[in-house]
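Subject: Structure handover

Hello,

Here is the structure for you to look through. Please open it first, then read the notes below.

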Amino acid sequence: MSKQRSSLKPLQGANRSIRRRLNIQGELALVAAPTLIVLIVMFLVETLSQQRLLFASLASSAFLIYLDPLHGTNTVRTLVLAQMMAATIGFITYFVLGGGYLSGGLAMVIAIALMIILDAMHPPAVSTSLSFALKAGNVDNLLLFALAVGITVTLVGLERYCLWIVARYSHH
């Protein structure tokens with residue numbers, strides 16, 4: 001595997017160090033928790049709801065947390081605020097305007113604006129606003145999504161713990 005991965009580098013001029021590339025065991029240790037969390041969420045959704053697409057953005061959240069668990073985009077505050085705000089906005093636009101392009105576009109614009117205003121930038125939440133605006137279903141889906149976000153929040157702690165373990169034992 002190449003040590004030069006452009007997706008792991010900061011932008012030109014950014015005052016941020018490059019994410020350290022781990023050995024294959026370290027990368028597998030970091031990716032295990034997001035994979036498990038996504039599978040748990042999928043099982044939960046399948047058991048309690050048939051609205052699978054409403055939860056797809058959480059897989060992107062899980063991957064972002066794996067990629068850089070110490071980035072501001074992946075803090076508990078940002079994850080919860082952005083995802084729940086986007087789901088609620090999409091849910092409201094669906095019931096006010098119905099499920100269509102107007103509802104989806106409006107939900108997306110409002111979600112992006114509020115993420116900027118509230119300093120809670122979590123890109124997968126844009127998909128969440130669209131998903132709920134196009135097919136929100138009923139209030140149970142919003143509650144189930146909140147539960148799934150709560151499960152995903154545990155991933156932040158798990159990934160930080162895994163990084164600590166890998167850093168601690170990779171120097172020995």
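First, a term. Buried means under 20% relative accessible area, exposed means over 50%, and partly exposed is in between (1.4 Å probe, protein chains only). Aspartate 119 is exposed, because its relative accessible area is 57%.

Now the ground rules. This is a predicted model, in which local features need pLDDT of at least 70, side-chain atom pairs count only at pLDDT 80 or more, and totals for chains, interfaces and linings use all residues. Residues are numbered from 1 along each chain as its sequence is written, and side-chain values use heavy atoms, with hydrogens and water left out.

**The whole chain**

The chain has 6 helices and 0 strands. Both are DSSP runs numbered from the N terminus: helices are H or I with at least four residues, strands are E with at least two. Along the sequence the pattern reads α-α-α-α-α-α.

How much of the chain is buried? Of the 172 residues, 39% are.

Next come contacts (heavy atoms within 4.5 Å). Take those between residues at least 6 apart in sequence: 75% of them join residues at least 24 apart.

The accessible surface is about 9800 Å². Carbon and sulfur atoms hold 68% of that surface. Accessible areas come from the Shrake-Rupley method with a 1.4 Å probe, and for residues only the protein chains shown count as cover.

**A nonpolar patch**

Which residues form the nonpolar patch on the surface? They are Ile92, Val96, Leu97, Leu102, Leu106 and Ile110. Together they have about 540 Å² of accessible area. Two or more residues come from each of α3 (76-97) and α4 (101-117).

A patch takes residues with over 30% relative accessible area and no salt bridge; like charges are joined within 9 Å, and nonpolar side chains (Val, Leu, Ile, Met, Phe, Trp, Tyr) within 5 Å. A salt bridge is a side-chain nitrogen of Lys or Arg within 4 Å of a carboxyl oxygen of Asp or Glu.

Leucine 97 lies in helix α3. Its relative accessibility is 40%, so leucine 97 counts as partly exposed. Leucine 102 is in helix α4. Leucine 102 counts as exposed, because its relative accessibility is 62%. In sequence, leucine 102 and leucine 134 are 32 residues apart; in space, their C-alpha atoms are 9.3 Å apart.

Threonine 93 also sits in helix α3. Is threonine 93 buried or exposed? Threonine 93 is buried, because its relative accessibility is 6%. Leaving out residues up to four places away in sequence, threonine 93 touches Gly98, Ser103, Leu106, Ala107 and Ala133.

**Helices α2 and α5**

The axes of α2 (residues 57-67) and α5 (residues 124-134) come within 8 Å and cross at roughly 175 degrees. Axes are lines fitted to C-alpha atoms, for helices over the stretch in contact, and angles run from 0 to 180 degrees between N-to-C directions. So α2 and α5 are roughly antiparallel to each other. The contact uses Ser57, Ser60, Ser61 and Leu64 of α2, with Pro124, Ser127 and Thr128 of α5. As for the angle classes, under 35 degrees is roughly parallel, over 145 roughly antiparallel, 65 to 115 roughly perpendicular, and the rest oblique.

How many residues of α5 are buried? The count is 8 of its 11, and the helix is mostly covered. Among the buried ones are Val126, Ser131 and Phe132.

Phenylalanine 63 is in helix α2. With 49% relative accessibility, phenylalanine 63 counts as partly exposed. Phenylalanine 63 and valine 31 are 32 residues apart along the chain, and their C-alpha atoms are separated by 8.0 Å.

Leucine 144 lies in helix α6. Leucine 144 is buried, because its relative accessible area is 7%. Phenylalanine 55 is 89 residues from leucine 144 in sequence, and 9.3 Å from it in space, C-alpha to C-alpha.

Leucine 163 is in helix α6 (residues 139-170) too. At 24% relative accessibility, leucine 163 counts as partly exposed. Leucine 163 touches Leu30, Pro69 and Leu70, not counting residues up to four places away in sequence.

Last, go back to aspartate 119. Aspartate 119 is in the loop between α4 and α5. Its phi is near 50 degrees, a positive value in a residue other than glycine.

Best wishes
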